[in-house]
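Open the model in a viewer and keep the sequence panel beside it. The stops below say what to select next and what is there.

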Amino acid sequence: MKARVHVTLKNGVLDPQGKAIGHSLNRLGFPEVGDVRQGKFIELELAETDQAKAKARVEDMCKKLLANTVIENYSIELVG
Amino acid sequence: MKARVHVTLKNGVLDPQGKAIGHSLNRLGFPEVGDVRQGKFIELELAETDQAKAKARVEDMCKKLLANTVIENYSIELVG
Amino acid sequence: MKSAILVFPGSNREGDVAQALELVTGRRPSLVWHGDGDFEKVDLIVVPGGFSYGDYLRCGAMAAQSPVMAEVKKRAAQGVPVLGICNGFQIVTEAGLLPGTLMRNSHLKFVCADVHLKVETSQSLFTNRYQAGQVIKVPVAHAEGNYFADPDTMKKLEDRGQIAFRYCAPDGTVDGRGNPNGSSSNIAGVFNETKTVLGLMPHPENAVEPMFGGTDGRGLFEGMVEALS
Amino acid sequence: MPNEPAITPQIVAEHGLAPDEYERLLKIMGREPTMVELGIFSAMWSEHCSYKSSKVWLKKLPTKAPWVIQGPGENAGVIDIGDGQAAIFKMESHNHPSYIEPYQGAATGVGGILRDVFTMGARPVANLNALRFGDPKNPRTRHLVSGVVAGIAGYGNCMGIPTVGGETNFHAAYNGNILVNAMTVGVAPTDKIFYAAATGVGNPMVYVGSKTGRDGIHGATMSSTEFNEDSESKRPTVQVGDPFVEKLLLEACLELMATDAIIAIQDMGAAGLTSSSFEMAAKGGLGLVMELDKVPMRETGMNPYELMLSESQERMLMVLKPGREDEARKIFEKWELDFAVIGHLTDTERMVLTWHGDVVGNIPIPPLVTEAPMYERPWTLTPLPAELDAAKVPAPGNSPADWQASLVALMSSPDLASKAWIWHQYDHLIMGNTAIRPQGGDAALVRVPGASKAAGHKGAGHKGLAMTSDCTPRYVQAHPETGGRQAVAEAWRNITAVGARPLAVTDNMNFGNPQKPEIMGQFAGAIMGMAEACTALDFPVVSGNVSLYNETEGRPILPTPTIGAVGVIDDIATSVGSRLVKAGLALVLIGD
Ligand SMILES: Nc1ncnc2c1ncn2[C@@H]1O[C@H](COP(=O)(O)OP(=O)(O)O)[C@@H](O)[C@H]1O
């Protein structure tokens with residue numbers, strides 16, 4: 001099974017990267033770009049076949065390592 | 001309109017971050033984790049209402065800046 | 001020799017390389033702001049180290065798209081020598097002046113330390129003061145210096161002698177021990193096909209004075225002066 | 001203001017004001033405060049901003065010497081280092097934020113101390129950091145260490161300032177309260193130093209840097225209260241640093257400082273716009289009108305309360321000469337930074353805050369400052385411990401194998417083991433001036449830019465600044481006076497050991513809850529010891545920082561008065577490191 005995890009900054013938390021990307025795009029001739037936020041996208045191969053179990057385990061991985069829950073949110077999708 | 005862009009490393013390109021995350025998870029008590037790949041997830045606010053136009057513009061942004069097409073793939077989703 | 005050092009928002013080793021060039025040439029290089037599409041004619045363009053645009057998105061990606069880089073590409077095509085150091089190496093590869101790319105260090109950490117480099121060739125305007133096989137000691141300071149290129153590109157680089165420097169042990173052995181960042185084939189610096197563009201991760205500009213890091217990097221600057229004056 | 005809640009005792013308590021402090025506030029205001037006014041008093045009277053528990057003691061430190069240009073009271077201390085040059089330096093803590101979010105906490109700590117130094121006109125030339133972590137076996141310690149070190153590296157490296165030294169210790173007493181003390185040393189011409197005192201009625205107040213978001217609201221009060229179980233819930237207030245923007249801010253400020261457009265300048269640190277604006281107005285004996293709706297905002301729906309208390313990073317407040325706004329704006333726009341005229345100086349000695357034309361706050365400035373609470377807290381000195389009977393201490397065996405075992409035990413203790421894995425993550429070579437690197441000597445040594453022979457420097461060679469940070473908390477715990485003396489003496493010795501002349505000190509006083517007499521006694525004792533040593537060595541204290549309430553569930557940290565010291569050497573060629581450079585040299589032991 002595969003898990004796809006999105007880690008994004010919480011609302012209101014400054015996103016220096018997103019800001020810089022937005023500026024750059026504006027300068028490069030994309031004035032239509034407004035707010036930009038950058039997050040992480042992590043794909044994990046899992047040796048686990050039970051959906052519910054896998055979900056709980058990945059949840060745990062997010063809390064322990066993948067996301068910094070002080071400033072980040074995460075969301076999990078399971079595929080295959 | 002909003003665009004959600006995923007930028008991921010091409011197959012065959014080494015991903016030191018993904019590898020390190022995988023190792024860390026294994027060490028942290030998640031032996032079921034195999035290969036891990038880390039990519040970027042970028043959300044853009046767009047002042048554009050036409051889907052087709054927006055798509056073409058974001059494509060262009062990806063090629064010009066958001067992805068390094070030597071080593072990265074990108075995919076685009078439009079929302080709202 | 002007249003040289004220009006580009007300055008992007010977030011560049012921070014432009015002073016170091018200016019200091020080194022001035023020491024060797026006796027002449028203060030001019031600093032060129034990134035927004036300037038045009039600048040005076042020079043014999044050498046230096047893209048210095050730093051964190052242009054915070055190294056956000058990908059190191060060097062945003063700087064590579066600036067107006068001044070469009071001009072640099074034009075001049076490089078005409079044969080004007082370009083030296084990219086550290087973030088400058090990342091910028092010139094992102095701009096397509098050199099093949100390959102610089103990825104996150106394999107240990108994922110920033111590393112600042114003296115490393116040993118094996119000079120691969122003396123046949124270039126940058127390395128003529130060194131001997132092929134010579135080992136020099138200069139520092140690195142980066143988090144993303146892990147050189148990567150696909151196998152075809154790697155083969156071409158080797159076949160055409162485009163590798164300028166490799167990380168090595170103090171005795172010149174090229175193996176994993178001397179490699180500070182996981183670079184493919186221990187690559188620390190590469191040339192373009194005509195050897196008029198050099199990109200390297202280490203900082204020769206921080207090894208030009210005996211009391212401040214040694215003098216092993218001086219040869220690079222002296223070599224350029226000799227070739228370009 | 002619409003939707004103003006009534007001020008209840010609970011709201012007052014949530015703002016960290018004691019009932020008698022609130023009484024004092026009412027007397028000054030002559031009426032019930034608005035929320036934004038309450039927030040301002042709470043921030044200004046927090047331990048962090050007012051030094052209410054420590055001030056009486058800090059006064060006992062010697063602060064003067066012929067070479068001191070500016071002692072405590074400004075953003076940083078300033079000393080004369082000859083040739084028309086000044087060294088500007090300070091140390092500051094970011095302990096609580098670093099425990100909550102180690103990377104961002106430490107990073108913004110570095111950002112804050114850098115601003116303190118460049119706000120005075122100095123280009124920073126070196127950073128140091130003094131770190132104390134809990135037991136290495138504690139699972140959280142590893143996470144904290146790696147986050148803090150990465151945060152310091154992330155910020156300092158991007159700024160392009162070499163991090164040349166520091167110290168790192170481990171002790172279980174820091175399990176719940178790590179210490180992150182960051183120090184910056186900068187250099188400026190003695191005739192181009194900038195201060196915070198605002199002058200000139202009518203002159204514009206200008207905001208520059210990043211936009212204001214909801215970061216760290218209540219940060220100053222948070223760092224002034226003890227941790228408890230629910231400090232987790234304070235997490236979303238963590239500030240995020242943007243070193244890239246700070247680098248732009250540094251260059252833009254130095255560019256503007258090269259003109260004569262600036263009258264006064266102050267960085268927005270703890271308690272952001274509140275403390276910076278009050279300090280500038282109070283120091284100049286003036287009043288201020290601030291139109292808060294003009295503050296550049298990052299988020300929608302922000303209100304005056306949030307704007308006054310936000311701790312968003314990478315911002316500065318300046319008073320400009322009239323008519324110089326456009327010239328200044330051009331510089332900041334070139335560096336892609338926000339620039340906004342948000343108010344002007346008045347002669348009313350009042351802080352008047354408006355929001356789209358309505359007055360939302362109106363506070364008399366002098367009483368807020370002069371009548372701030374000051375406590376002479378009860379204190380009991382730690383008695384001198386009984387002398388150990390040497391006969392009762394088990395001696396290690398006296399065979400070569402025993403010596404070897406002792407040596408291994410010493411070298412593998414986390415406090416003594418190599419810290420190369422830390423300082424290799426810090427760019428300690430950038431600027432090309434580092435003469436003594438980490439592990440190269442007892443103090444770091446950095447060439448002073450612009451002081452070569454050409455600049456009229458008297459010495460034959462390169463002038464250098466030596467710097468170090470020192471404290472041995474277990475000595476301070478055993479006997480604060482001796483420990484305080486020892487920390488100063490060690491810093492002094494480390495500077496002299498590389499061949500430099502020690503000149504002055506900055507300190508960072510990290511202690512537990514000052515409301516406990518024995519903790520206050522540790523503080524008092526350490527100050528007495530430091531004062532004694534600084535006086536004896538002619539080694540004045542020119543700046544510093546106090547961090548109290550470093551306790552978790554009643555358990556305090558070891559008393560940790562970190563000493564940062566700076567010295568000067570006329571010719572770096574005469575310096576000495578601690579490497580054994582060749583075989584066959586004699587080793588000599590000197591001293592008692
Ligand atoms: N947090 C740190 N940041 C930078 N340098 C550090 C840090 N901790 C230790 N060092 C450096 O490592 C070296 C060894 O430190 P330490 O063991 O405290 O030795 P010493 O007591 O001789 O200063 C010193 O040069 C010191 O500056």
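Among contacts in chain A between residues at least 6 apart in sequence, what share joins residues at least 24 apart? The share is 70%, where contact means heavy atoms within 4.5 Å.

This is a predicted model, in which local features need pLDDT of at least 70 and side-chain atom pairs count only at pLDDT 80 or more, while totals for chains, interfaces and linings use all residues. Residues are numbered from 1 along each chain as its sequence is written, chains are lettered from A and ligands numbered from 1 in the order in which they are written, and side-chain values use heavy atoms, with hydrogens and water left out.

**Stop 1: chain A**

Select chain A and colour it by secondary structure. Chain A has two helices and three strands, in the pattern β-α-β-α-β along the sequence. Helices (H or I, at least four residues) and strands (E, at least two) are DSSP runs, numbered from the N terminus. The C-alpha trace of chain A spans about 50 × 25 × 15 Å along its principal axes. Of the 80 residues in chain A, 49% are buried, that is, under 20% relative accessible area (1.4 Å probe, protein chains only).

**Stop 2: the sheet of chains A and B**

Among the five pairs of chains that touch, chains A and B have the most contacts. An open sheet of six strands has the order β3(A)-β1(A)-β2(A)-β2(B)-β1(B)-β3(B), with antiparallel pairing; two strands pair if DSSP finds at least two bridges between them. Its edge strands, each pairing on one side only, are β3 (72–79) of chain A and β3 (72–79) of chain B. From one strand to the next the twist averages 20°.

Zoom in on strands β1 (residues 2–9) and β2 (residues 33–46) of chain A, which run antiparallel and are joined by six bridges. A:A3 has A:L44 in β2(A) as its bridge partner.

**Stop 3: helices on and beside the sheet**

Show α2(A), which lies across β1, β2 and β3 of chain A together with β2 (33–46) of chain B, at about 150° to β3(A). Axes are lines fitted to C-alpha atoms, for helices over the stretch in contact, and angles run from 0 to 180 degrees between N-to-C directions.

Now select helix α2 (residues 51–66) of chain A with helix α1 (residues 16–27) of chain B: their axes come within 11 Å and cross at roughly 110°. α2(A) is therefore roughly perpendicular to α1(B), a term for angles of 65 to 115 degrees. Display A:M61, A:L65 and A:L66 of α2(A), and B:I21, B:S24 and B:L25 of α1(B), which make the contact.

**Stop 4: chain D**

Move to chain D. Chain B and chain D share no contact, and their closest C-alpha atoms lie 11 Å apart. An open sheet of six strands in chain D has the order β1-β2-β3-β6-β4-β5, with mixed pairing. Its edge strands are β1 (68–70) and β5 (163–170) of chain D.

Select strands β2 (residues 77–80) and β3 (residues 85–93) of chain D: they run antiparallel, joined by four bridges. Here D:D80 stands opposite D:A86 in β3(D). Last, select helix α7 (residues 102–118) of chain D, which lies across β3, β4 (123–133) and β6 (179–189) of chain D and runs at about 25° to β6(D).

Key: Angles under 35 degrees count as roughly parallel, over 145 as roughly antiparallel, 65 to 115 as roughly perpendicular and the rest as oblique. Buried means under 20% relative accessible area, exposed over 50%, partly exposed in between (1.4 Å probe, protein chains only).
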